[in-house]
Amino acid sequence: MLNPDRGGRGQWTEESLTAFAGSPELGVSTLELDTHLSSANQVVVWHDDVMTSSKCADAAPAFPGDLAFPYADDRVRDLSLAEIRTLDCGYQQSPGFPEQANTPGSRIGQSCRASTGRH
C-alpha cells in the first residue's frame with residue numbers, strides 16, 4: 001500500500017532521505033514533512049518532538065565524554081545538530097509495515113528549501 005505520508009513509510013524507513021528521494025518514483029507528487037529546531041535553532045526534518053528510541057538508536061556520542069549521551073528519547077529541541085546526526089533512525093522496520101525496507105545508518109535530514117514552483 002502506497003503511503004507517502006512522512007516520506008513513504010510503507011516502503012522505506014519513515015522520514016529517511018531514502019524514502020523522500022524514492023517517493024516521486026512511485027508517482028507521489030507531494031511529500032509531507034515536519035520540521036523541528038535543534039538546540040542551536042537549526043532546522044531538522046523529523047515528525048515527532050522527541051527522538052524516540054523506537055525509531056532511533058544511539059550510535060555513538062557526538063564527542064568523547066558527552067554527558068548528554070545517550071540521546072534517544074530526548075527532545076529534538078534539547079539536542080545539538082551534532083548529537084542528532086549520531087542517531088541511526090533507519091535500523092528497524094516500523095510496526096504495521098511488513099514491506100518496509102530498512103535504511104540502516106539513516107540520519108536525520110537537515111534544513112529544507114521550499115519549492116514555490118507551480119504544478
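# Reading the labels on this model

User: Why is Tyr71 called buried?

Analyst: This is a predicted model, and in it Tyr71 has a relative accessible area of 0%. Buried means under 20%, so Tyr71 gets the label.

User: And what makes Phe69 partly exposed?

Analyst: Its relative accessibility comes to 30%. That falls between the 20% limit for buried and the 50% limit for exposed, so Phe69 counts as partly exposed.

User: How many aromatic pairs are there?

Analyst: Searching the whole structure turns up 1 aromatic pair. Its members are Phe69 and Tyr71, with ring centres 5.2 Å apart, and centres have to lie within 6.5 Å to pair.

User: Is that pair of Phe69 and Tyr71 stacked or edge-to-face, and how do you know?

Analyst: Look at the angle: the planes of Phe69 and Tyr71 stand at 80°. Anything over 60 degrees counts as edge-to-face, so that's what this pair is.

User: Where does Leu87 sit, and why does it count as buried?

Analyst: Leu87 belongs to strand β4, which covers residues 87-88. Its relative accessibility is 0%, and the limit is under 20%, so Leu87 is buried. Leaving out residues up to four places away in sequence, Leu87 touches Tyr71 and Ala72, plus Met51, Cys56, Ala57, Asp58, Ser106 and Arg107. Between Leu87 and Tyr71 the C-alpha distance is 7.6 Å, with 16 residues separating them in sequence.

User: How do you know that Cys56 and Cys89 form a disulfide?

Analyst: Their sulfur atoms are 2.0 Å apart, and the cut-off is within 2.5 Å, so the pair qualifies. The count for the model is 1 disulfide.

User: What makes it right-handed, and which parts does it tie together?

Analyst: The S-S torsion of Cys56 and Cys89 is about 110°, so the disulfide is right-handed. Cys56 is in the loop between β2 (43-45) and β3 (57-58), while Cys89 is in the loop between β4 and β5 (109-110), so the bond links parts 33 residues apart in sequence. Both Cys56 and Cys89 are buried.

User: Why does Glu83 have no salt bridge?

Analyst: The nearest side chain of opposite charge is Arg85, and it's 12 Å away. Not counting residues up to four places away, Glu83 touches Ala62, Asp66, Ala68, Tyr71 and Asp78.

User: Where does the charged end of Lys55 sit?

Analyst: Over the ring of Trp46, 5.7 Å from the ring's centre. The distance limit there is within 6 Å.

User: Is Ser94 buried or exposed, and what makes it so?

Analyst: Buried. At 16% relative accessibility, Ser94 comes in under 20%, so the label holds. Ser94 lies in the loop between β4 and β5 and, setting aside neighbours within four places in sequence, is in contact with Glu14 and Gln100. Trp12 is 82 residues from Ser94 in sequence, yet their C-alpha atoms are 9.2 Å apart.

User: What is the order of elements in the protein chain, and how many residues count as buried?

Analyst: There are 3 helices and 5 strands, running α-α-β-β-β-α-β-β from the N terminus. Of the 119 residues, 35% count as buried. Among contacts between residues at least 6 apart in sequence, 53% join residues at least 24 apart.

Key. Residues numbered from 1 in each chain as written. Predicted model: local features only at pLDDT ≥ 70, side-chain atom pairs only at ≥ 80, totals over all residues. Heavy atoms only, no water. Helix = DSSP H or I, 4+ residues; strand = E, 2+ residues; numbered from the N terminus. Buried < 20%, exposed > 50% of the residue type's maximum accessible area, 1.4 Å probe, protein only. Contact = heavy atoms within 4.5 Å. Lys, Arg positive; Asp, Glu negative; His and termini not counted. Salt bridge = Lys/Arg side-chain N within 4 Å of Asp/Glu carboxyl O. Phe/Tyr/Trp six-rings, centres within 6.5 Å; stacked < 30°, edge-to-face > 60°. Lys NZ or Arg CZ within 6 Å of the ring centre and 35° of its normal.
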